[in-house]
Amino acid sequence: MFKNYFLVTLRGLRKNVTYSFINIAGLSIGITCSLLILLWVFDELSYNKFLPKSDRLYQVWINATFDGKINSWTSLPLPTYEALKTENSNIKNTAVTDWGGDHLFTVGDKRITKRAFYASEEFLEMFQFPLIKGNAASVLDDPTSIVITEEMAKTFFGEADPINQIIRVDNKSDLKVTGVLKDVPKNSSFQFDFLLTWKLNEETNKWVKEGKTNWGNNSFQIFMELNDPSNQHAVDQAIKGLIVKKDPEDYKRELFLHPLLKWRLSSEFENGKEGEGRMAFVKMFGLIAIFILVIACINFMNLSTARSERRAREVGIRKSVGSRRHELIFQFIGESLFISTVAFLIAILLAQLLMPYYNNLVDKKLFIDYTSFEFWLFALALIFFTGVVSGSYPAFYLSSFQPVKVLKGKVQVGKNASLPRKVLVTLQFGFSIFLIIGTIIIHQQIQHVKGRALGYDQQNLITVDYTEEIGKNFRPIKLELLQTGVVNSVTKSNSPITQIYSNNFLGWPGKPESQKVIFATIATEYDYTKTMGIKILEGRDFSEDFKSDSMAIMVNKAAMDLMQLKNPIGEKLDLWGRKRELIGIVDNVLMGDPFQQARPMFVVLNPEWAGAVTIRLEKTKDLAASLKKVEAIFKKYSPAYPFEYKFADQEFAKKFTDINMTSRLASLFAFLAIVITGLGLFGLAAFAAEQRTKEIGIRKVMGASVSSLVGLMSKDFSKLVVVAFLISSPVAWWLLNQHLQQYKYRVEIEWWVFPLTGLIALIFAIAIVSTQALRAAHANPAVSLRSD
């Protein structure tokens with residue numbers, strides 16, 4: 001019996017090559033898209049799950065109420081690290097880290113700048129990143145120790161044993177390798193090449209030394225391991241008031257735990273409530289994968305039911321010789337499963353061929369793990385789902401035919417199935433129109449944000465990371481850079497123009513005692529506004545002509561809108577327990593999230609608090625020559641460090657990485673959804689033309705023009721597209737409007753997007769149907785009417 005079913009299936013595929021190709025091609029493209037999307041989705045969902053204790057690890061966060069809402073962040077006072085250890089019996093361990101950024105690592109003549117951070121001795125015991133060499137309980141105990149990844153071990157020492165080898169860090173500390181880690185997976189929230197000990201940080205960083213008893217300095221990342229994850233709520237309640245208990249004058253910072261497994265996808269909080277964050281993208285692409293697969297399945301269902309008349313006599317004969325309905329259902333679903341299996345195998349091949357390009361698109365290293373049991377289980381489930389969904393309706397429909405009526409020719413099966421086919425085609429176009437509208441709106445949102453005023457000039461602006469050697473020689477470096485003729489101005493600050501590294505409270509005359517507002521904080525030296533190209537709206541910049549500027553302050557327009565000072569210049573503002581004179585008001589500068597409004601900000605003169613050197617280059621056609629002159633000066637005063645710089649416009653562009661990827665993926669899969677829909681429509685149009693061959697022949701004999709015949713055939717399909725547009729447009733508007741609400745700075749959804757999308761879909765449908773309509777209209781009526 002199975003052999004017979006198999007032979008019938010192959011015979012049917014050979015007999016209807018065009019329709020078989022459309023079915024298999026549509027399913028293959030649909031499954032390929034779904035596979036690629038789901039690989040990305042599963043990778044996002046897999047973050048941090050490789051860690052053995054992933055269900056018991058948490059980061060400690062702060063909730064603090066000010067600015068009229070609850071604000072959440074991850075930076076904590078350093079004393080919290082030790083205080084938490086004894087706060088509750090359910091707490092097994094705590095660890096503290098301090099993001100050290102990029103450091104210079106030197107072994108002999110080999111010098112590289114790589115990511116590293118400082119971690120307390122408990123870190124590896126808690127997170128258990130796999131160690132190839134060394135003991136997790138002791139590798140971070142000694143301040144002169146360093147733990148490196150396998151890649152760095154090979155880079156510096158080749159095949160030699162790296163343990164006890166010496167690496168010089170930042171040209172000042174000689175550290176001994178005590179452990180070698182397996183390379184950190186890409187699906188880890190921690191990304192580093194080296195681990196430095198917390199004890200070294202205490203010895204070399206004055207901020208850490210001073211912070212050990214300072215409950216007001218929110219600068220450190222603290223993590224916790226629980227004995228049992230079911231105790232999270234009890235621990236949350238126990239630690240909630242720790243800071244207020246230790247510091248009664250505190251502004252009510254409350255601690256809470258955020259699970260490790262949520263860090264990647266759900267680390268955005270709005271007014272103290274956990275938001276969707278990146279999970280919104282995961283859900284969106286998961287839905288797109290389902291949409292595309294359903295569109296492909298609809299093609300199969302439509303073409304199968306449309307061509308049911310060809311198989312009606314087969315069903316009638318089989319029933320008349322004793323076949324039961326469930327046997328016919330089994331046969332037809334079996335045929336569908338066979339086609340799904342073929343389509344899946346083709347999809348696997350397509351996915352492998354496209355994988356390098358797809359990885360480049362999503363900036364990941366995705367691959368299909370053929371050794372994974374879960375993959376093959378998923379593959380079987382996908383084949384079964386596709387086969388059953390695609391074949392169920394045709395199977396039940398075809399098997400319902402009455403053999404007597406069919407064999408007497410009294411059943412017009414094509415008409416009986418027309419309504420479900422119309423519904424399914426409408427659904428296909430509804431999905432496709434929704435994806436097109438979504439793609440357009442996302443693109444508009446990106447362009448809207450990219451086109452907003454930044455408040456500074458990005459052109460020819462570069463930043464160089466601040467080092468101890470640069471700090472010692474900053475004055476001569478600045479003077480010599482200005483003397484090269486290729487540099488317009490130079491400054492230094494605690495953060496580059498594209499980032500905010502510090503936030504603080506500020507007081508002003510008339511501020512209510514209960515009101516607390518956090519300000520972005522910029523510490524700089526002279527020529528900051530000149531170098532950045534920031535407009536001074538009122539007052540002046542810091543100047544060497546005014547010795548009192550060490551106690552002066554500037555604020556931005558957003559701060560002035562908040563403070564509402566009538567005569568601001570000369571007013572005294574409260575900062576860190578001291579009064580500072582307001583000397584200038586600058587334009588709003590977009591440093592943080594480009595999708596949010598510019599925050600209140602203040603600028604103080606503090607040359608010792610530096611993290612970046614910013615250089616404004618003169619406009620030139622030979623940028624490479626200018627950079628060589630700048631490099632020569634940095635190498636003169638900081639020879640141990642390689643000269644590395646970043647362009648401000650490129651760093652700003654990185655803020656759009658996620659949404660650019662979303663836009664590209666949405667555009668790609670919207671296009672492929674349209675292609676799959678087009679394939680199905682082509683098949684249905686060909687069938688409709690074939691069904692109406694005699695009608696068209698008669699109309700042509702009676703004098704109908706080719707254009708009228710094409711219009712006649714296109715009319716039915718055009719109605720379906722219009723219905724799909726009317727249904728999907730309001731749904732798309734509502735969902736996209738909800739999506740845009742997460743952005744303070746967002747585009748308004750323009751009305752013209754909807755009719756434009758509908759018009760594109762209509763033209764696309766008419767173009768496809770017209771190819772078959774023209775073919776039928778140009779056919780010789782004598783041939784089509786010969787049998788009559």
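Analyst: Helices here are DSSP runs of H or I with at least four residues, numbered from the N terminus. The model is predicted.

User: In which helix is Tyr357 found?
Analyst: Tyr357 belongs to a nonpolar surface patch, together with Ile346, Leu349, Leu350, Leu353 and Leu354. The helix that holds Tyr357 spans residues 325–362. Its name is H12.

User: Is Tyr357 buried or exposed?
Analyst: The cut-off for exposed is over 50% relative accessible area. Tyr357 has 62% relative accessibility, so Tyr357 counts as exposed.

User: How is H18 oriented to H21, roughly parallel or roughly antiparallel?
Analyst: The axes of H18 (residues 474–483) and H21 (residues 623–637) come within 10 Å and cross at roughly 155 degrees. Angles over 145 degrees count as roughly antiparallel. So H18 and H21 are roughly antiparallel.

User: Which residue forms a salt bridge with Lys478?
Analyst: Side chains of opposite charge can pair when their charged atoms come close. For Lys478 and its partner, the closest N and O atoms are 2.8 Å apart. Lys478 sits in helix H18, and the partner lies 47 residues away, in the loop between strand E17 and helix H19. That partner is Glu525.

User: Are Lys478 and Glu525 buried or exposed?
Analyst: Buried means under 20% relative accessible area. Lys478 and Glu525 are both buried.

User: How many residues apart in sequence are the parts that Lys212 and Glu202 tie together?
Analyst: The side chains of Lys212 and Glu202 meet in a salt bridge at 3.7 Å, N to O. Lys212 lies in the loop between helix H7 and strand E10, and Glu202 in helix H6. So the pair ties together parts whose separation in sequence is ten residues.

User: How many salt bridges are found in the whole structure?
Analyst: One of them joins Asp574 to Lys579, with the closest N and O atoms 2.6 Å apart. Asp43, Glu44, Arg264, Arg278, Lys364 and Asp658 are linked in a salt-bridge network. A search of the whole structure gives a count of 28.

User: What is the phi of Asp170?
Analyst: Most residues other than glycine have a negative phi. Asp170 is not a glycine, but its phi is positive. Asp170 is found in the loop between strand E7 and strand E8. Its phi is about 55 degrees.

User: What distance separates the C-alpha atoms of Met591 and Tyr456?
Analyst: Met591 is in the loop between strand E21 and strand E22. With 2% relative accessibility, Met591 counts as buried. Tyr456 is 135 residues from Met591 along the chain, yet their C-alpha atoms are separated by 9.6 Å.

Note on methods:
Residues numbered from 1 in each chain as written. Predicted model: local features only at pLDDT ≥ 70, side-chain atom pairs only at ≥ 80, totals over all residues. Heavy atoms only, no water. Patch = residues over 30% accessible without salt bridge, like charges linked within 9 Å, V, L, I, M, F, W, Y side chains within 5 Å. Areas by Shrake-Rupley, 256 points an atom, 1.4 Å probe, with all protein chains shown as cover. Salt bridge = Lys/Arg side-chain N within 4 Å of Asp/Glu carboxyl O. Helix = DSSP H or I, 4+ residues; strand = E, 2+ residues; numbered from the N terminus. Buried < 20%, exposed > 50% of the residue type's maximum accessible area, 1.4 Å probe, protein only. Axes fitted to C-alpha atoms, helices over the stretch in contact; angles between N-to-C directions. Parallel < 35°, antiparallel > 145°, perpendicular 65-115°, else oblique.
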